[in-house]
Amino acid sequence: MHPIRRGDRGPAVTEIRGILVGLELLPDGEQTDEFEAGTERAVRAFQQSRGLSVDGQVGAETWRALDAARWRFGARTLYHAVPEPLCGEDVRSLQERLLEMGYDAGRADGIYDARTARAMAQFQREVGLRPDGTCGPQTMNALQRLGRKVIGGRPQWLRESDVLRRSGPNLVGKIIVIDPGHGASDPGVVVPDGSLRWTEADLAYDLATRLEGRLAAAGTRVHLTRGPAPAAPLPDLTRAELANELGADLLISLHIDGHANSEANGVATYHYGTNSGVTSTVGEHLAGLVQREIVARTGLRNCQVHAKTWELLRLTRMPAVRVEVGYLTSPVDRSRLVDPRFRDKVVEAIVAAVQRMYFPAEQDVPTGSIDVGELRATVAAGSTGPD
Ligand SMILES: [Zn+2]
């Protein structure tokens, strides 16, 4: 398309100015069909805000972005159109909203594709609307009504928390995915040690297999996201999809941290959440248990629990946590991490946290008090409990 620029006149300019007014980049009022200095400034501001090259002219790319931007959420019904999907800012805000609530809408790319429609339908089903994947007035109302209520508890996870309570203190049959971080050409943190070379990928894998053994002994079905030497690095998105396909009850991702400053040390646990207070209720609970059990049983410094929107945490449909078990770059943490007995202690702490996760709140026990050696007995006793 021929770029529309300063000095041009006509209906196309009127339309561009209309969109810019809608975006509050141009003052409402003065009607003109001329692309004057004010319009150029507004176009530049728009281009800057969208990461486009800033030339103050409306070429094909800027036009597409303007065309998408004119749609404010609520202005039209959104649905999965074939073969030309609906695009726009309204689609993007809906996708962000769905993702925040824990529905797998894929990337917030502003395109209403099949995946967005599926996530939409899942939301509709859970709030009791007809799950047709179309976001019309009724669904928009429901989204608005949920408003702040959704913040602080993703509905599907609140429901899972209910399922958890009802399932009783029983690990038997639970599907747990353990995700050893990194692998293949991505070793993660690497620290040379004399003739040896410690890598985060190898230590995470060792922790994962120890944890796999303990959890399997407790009657859970355990899957690892990767083997000891995968052919290629595995992106977090693929790891999340794998856990979703397996219908996992929990995902535990194992990493070991590193820092340029060798003084940095300690353990931290992460769950899904944003700074604005959206959180995975169950994920946050599990992260707190894992963190407390590890600190109590190993003496690693407590670097606390944190909310993150990383893909692995955001796109998994089950409660998911990522543990950074100490700093490989800290001589203190490293001397402990390379000791297999220490790694066993870490694993015991995680098993205890998972066990506590399935205790009803009133039967929970103090941190550090579960004897993992007696786990089978606990599980057996628990299976005659509430159904
Ligand atoms: Zn890592």
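A: Leu-246 lies in helix α9, residues 236-246, where helices (H or I, at least four residues) and strands (E, at least two) are DSSP runs numbered from the N terminus. The model is a predicted one, in which local features need pLDDT of at least 70 and side-chain atom pairs count only at pLDDT 80 or more, while totals for chains, interfaces and linings use all residues. Residues are numbered from 1 along each chain as its sequence is written, and side-chain values use heavy atoms, with hydrogens and water left out.

Leu-246 counts as partly exposed because its relative accessibility is 29%; buried means under 20% relative accessible area, exposed over 50%, and partly exposed in between, with a 1.4 Å probe and protein chains only. Not counting residues up to four places away in sequence, Leu-246 touches Ile-175, Val-177 and His-223, a contact being heavy atoms within 4.5 Å. His-223 is 23 residues from Leu-246 along the chain, and their C-alpha atoms are separated by 8.6 Å.

At 26% relative accessibility, Arg-115 counts as partly exposed, and, leaving aside residues up to four places away in sequence, it touches Asp-104, Ala-105, Gly-106 and Glu-241. Arg-115 and Tyr-103 are 12 residues apart in sequence and 10.0 Å apart in space, C-alpha to C-alpha.

For the chain as a whole, there are 14 helices and 8 strands, and buried residues make up 48% of its 387 residues. Of the contacts in the chain with a separation of 6 or more, 66% are between residues 24 or more positions apart.

Two packed helices are described by the angle between their axes and the distance between the axes. Here the axes are lines fitted to C-alpha atoms, for helices over the stretch in contact, and angles run from 0 to 180 degrees between N-to-C directions. Helix α8 (residues 200-217) packs with helix α13 (residues 340-357) at an angle of about 50 degrees, their axes being 9 Å apart. This makes α8 oblique to α13, given that angles under 35 degrees count as roughly parallel, over 145 as roughly antiparallel, 65 to 115 as roughly perpendicular and the rest as oblique. The α8 residues that meet α13 include Leu-203, Asp-206, Leu-207 and Arg-210, and their partners in α13 include Arg-343, Asp-344, Val-347 and Val-351. The residues of this contact of α8 with α13 divide into 10 nonpolar, no polar and 6 charged, where Ala, Val, Leu, Ile, Met, Phe, Trp, Tyr, Cys and Pro count as nonpolar, Asp, Glu, Lys and Arg as charged, and the others, Gly among them, as polar.

Helix α8 has 18 residues and reaches 26 Å from its first C-alpha to its last, close to the 26 Å expected at 1.5 Å a residue; the expected span is 1.5 Å times one less than the number of residues. Among the buried residues of α8 are Leu-203, Asp-206, Leu-207, Leu-211 and Leu-215. After α8 comes Gly-219, with a positive phi near 95 degrees.

The axes of α2 and α3 come within 11 Å and cross at roughly 85 degrees, and α2 and α3 are therefore roughly perpendicular to each other. Val-43, Phe-46 and Gln-47 in α2 meet Thr-62, Ala-65, Leu-66 and Ala-69 in α3, and the residues of that contact divide into 5 nonpolar, 2 polar and no charged.

The loops hold some backbone exceptions. Most residues other than glycine have a negative phi, and most peptide bonds are trans. Glu-24, in the loop between α1 (11-22) and α2 (37-49), has a positive phi of about 60 degrees although it is not a glycine, and at 72% relative accessibility Glu-24 counts as exposed. His-182, in the loop between β1 (175-180) and β2 (190-193), has a positive phi near 65 degrees, but His-182 is buried, with a relative accessible area of 17%. Val-82 and Pro-83 are joined by a cis peptide bond, with omega about 0 degrees, and Pro-83 lies in the loop between α3 (60-69) and α4 (89-101).
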